[in-house]
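Good morning, and thank you for making time for this item. I would ask you to keep the structure in view while I speak.

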Amino acid sequence: NFSLSIDESAALVPLLKKFRKLETMDFGLFAEAGEDMMEAIGIYDMNEFSGLQVANYVRDCALAIPRGLSFERFDFQSSYNEENYFCENGNAKRDCEDWCDEWKCRHTSDREYNEQFKCEKDACDNCAITGYYFSRGRGDEESKREITCVTCEFDEERENKELFKVEDHQTSASYLCKDGFI
């Protein structure tokens, strides 16, 4: 069993379809023909012919290969499903890491939130984080409470500076001085 990429299958599938006749071929006939030929010309006993004691074993191994060779029917089914790779909004799905860094979603300092903080990442929105926690209500019922992650807008340029990097948690950034300024 093996799988093909779309590019590989575009070239390989038409070639393999030409080999369909090999499905019914008996490759053992090659071994029988080889044995008959060796007997006809007097070299079937390879030990005597070559002077090597292992020669008959090598012959038997070589003749066993075509006897064990067979082709099964090749059936190609595309496993490409657009929904696995693209979102409804047209964006490509991102492969978001499973681990959730609570500092990437800075939220309130309330201890209850911090201890129970969990998050989900949206593969269709550049792995945007949605934070949540479960709070206990009356009768010990848990309800999911969403936490809005704090983010800041940063100007591309400031007086004599330009934006260098926005941190993952979107609440701080670094600027570099423009040329000629310290």
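This is a predicted model: local features need pLDDT of at least 70, side-chain atom pairs count only at pLDDT 80 or more; totals for chains, interfaces and linings use all residues.

Arg67 counts as partly exposed, at 42% relative accessibility; by that term I mean between the limits of buried, under 20% relative accessible area, and exposed, over 50%, with a 1.4 Å probe and protein chains only. Its side chain meets that of Glu35 in a salt bridge, at 2.9 Å from N to O. A salt bridge here is a side-chain nitrogen of Lys or Arg within 4 Å of a carboxyl oxygen of Asp or Glu. Arg67 lies in helix H4 (residues 55-68) and Glu35 in helix H2, so the pair ties together parts that are 32 residues apart in sequence. Glu35 is buried, with a relative accessible area of 17%.

Residues are numbered from 1 along each chain as its sequence is written, and side-chain values use heavy atoms, with hydrogens and water left out.

The pLDDT, the predictor's confidence in each residue from 0 to 100, has a mean of 77 for the protein, and 68% of the residues reach 70 or more. Confidence is highest in helix H2 (residues 28-41), at a mean of 91, and lowest in helix H6 (residues 111-116), at 57. Helices (H or I, at least four residues) and strands (E, at least two) are DSSP runs, numbered from the N terminus.

How many salt bridges does a search of the whole structure find? The search finds three. Another of them joins Asp60 and Arg59, with the closest N and O atoms 2.9 Å apart. Asp60 is partly exposed at 38%, while Arg59 is buried at 11%. In a further one, Lys178 and Glu157 bring N and O atoms to 2.7 Å. Lys178 lies in the segment after S6 and Glu157 in strand S4, so parts 21 residues apart in sequence are tied together.

Three strands form an open sheet in the order S4-S5-S6, with antiparallel pairing; two strands pair if DSSP finds at least two bridges between them. S4 and S6 (173-177) stand at the edges, each with a single partner strand, so one side of each is left without a neighbour in the sheet. Five bridges join S5 to S6, and Lys161 has Cys177 as its bridge partner in S6.

Finally, Asn160 is found in the loop between S4 (157-158) and S5 (161-166). Its phi is near 65°, a positive value in a residue other than glycine.
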